[in-house]
Amino acid sequence: VEGGTQMKQARVDRAAEEQRNISAGNPGDVDFIGLVRRWREDHAGMARPHRHAVDTNGGSGGKNDNICVCIRKRPLNDKERKKKEHDAVTVLHPTATVHSAKLRVDGIHKYLDHNSFRFDHSFDEDSSTEQVYQYTAQPLVSYVCGGRGVRATVFAYGQTGSGKTHTMSG
């Protein structure tokens, strides 16, 4: 009898967690969302503060950065939520980690495979457009307007729906 009560409570807890995920805008698989959440909790202190690669006086900020690669994670869109996709990317500056949902050979147990990528700047979905500008484009504006006849380019790259417009306009 006690085992049946525990199983019933586990189902109630799972349904409640699923409703919390849906309310938070993350309606995907409860198990995978839980695995990602636990990974994020375990790694929460790993984010570092942003620093300027090029100083605002138009000079080099201690090193010769000709290329600066930055990413900005966008939130899940309505189409993804309707398809019940889950948030599978964690950004902890300077890294972005992609969590791939996997099923063990037994077909029952779920786990995550993590692939991390390091960037000069990485911004999560809660970063403002002003923050992105402050660490990416603003130093270039100061560099170009420094009176030395130099040029700079900001290049936004990504597949359709990846967040380029979100990054540029917020």
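**A tour of salt bridges and paired strands**

Select Arg 14 to begin: this residue is partly exposed, with a relative accessible area of 37%. On this scale, buried means under 20% relative accessible area, exposed means over 50%, and partly exposed lies in between (1.4 Å probe, protein chains only). The structure is a predicted model, in which local features need pLDDT of at least 70 and side-chain atom pairs count only at pLDDT 80 or more, while totals for chains, interfaces and linings use all residues. Residues are numbered from 1 along each chain as its sequence is written, and side-chain values use heavy atoms, with hydrogens and water left out.

**First stop: Asp 31**

A salt bridge here is a side-chain nitrogen of Lys or Arg within 4 Å of a carboxyl oxygen of Asp or Glu. Helices (H or I, at least four residues) and strands (E, at least two) are DSSP runs, numbered from the N terminus. Asp 31 is itself partly exposed, with a relative accessible area of 30%.

Next, select Lys 110. Lys 110 forms a salt bridge with Asp 31, and the closest N and O atoms are 3.0 Å apart. Lys 110 is partly exposed, at a relative accessible area of 27%. Display Asp 29 as well: Arg 14, Asp 29, Asp 31 and Lys 110 are linked in a network of salt bridges.

**Second stop: within helix H2**

Select Arg 37 and Glu 41, which form a salt bridge with the closest N and O atoms 3.5 Å apart. The two residues lie four apart in helix H2, so about one helical turn separates them. The count of salt bridges comes to 11.

Select strand E4 (residues 110–118), which pairs with E3 in the antiparallel sense over nine bridges; two strands pair if DSSP finds at least two bridges between them. Within this pairing, Asn 115 in E4 is the bridge partner of Val 98. The hairpin of E3 and E4 has six residues between the strands, and Gly 107 takes a positive phi near 75 degrees there.

Finally, select strand E2 (residues 89–92), which four bridges join to the antiparallel strand E3 (residues 95–103). Val 91 stands opposite Ala 96 in E3. E2 and E3 form a hairpin with two residues between them.
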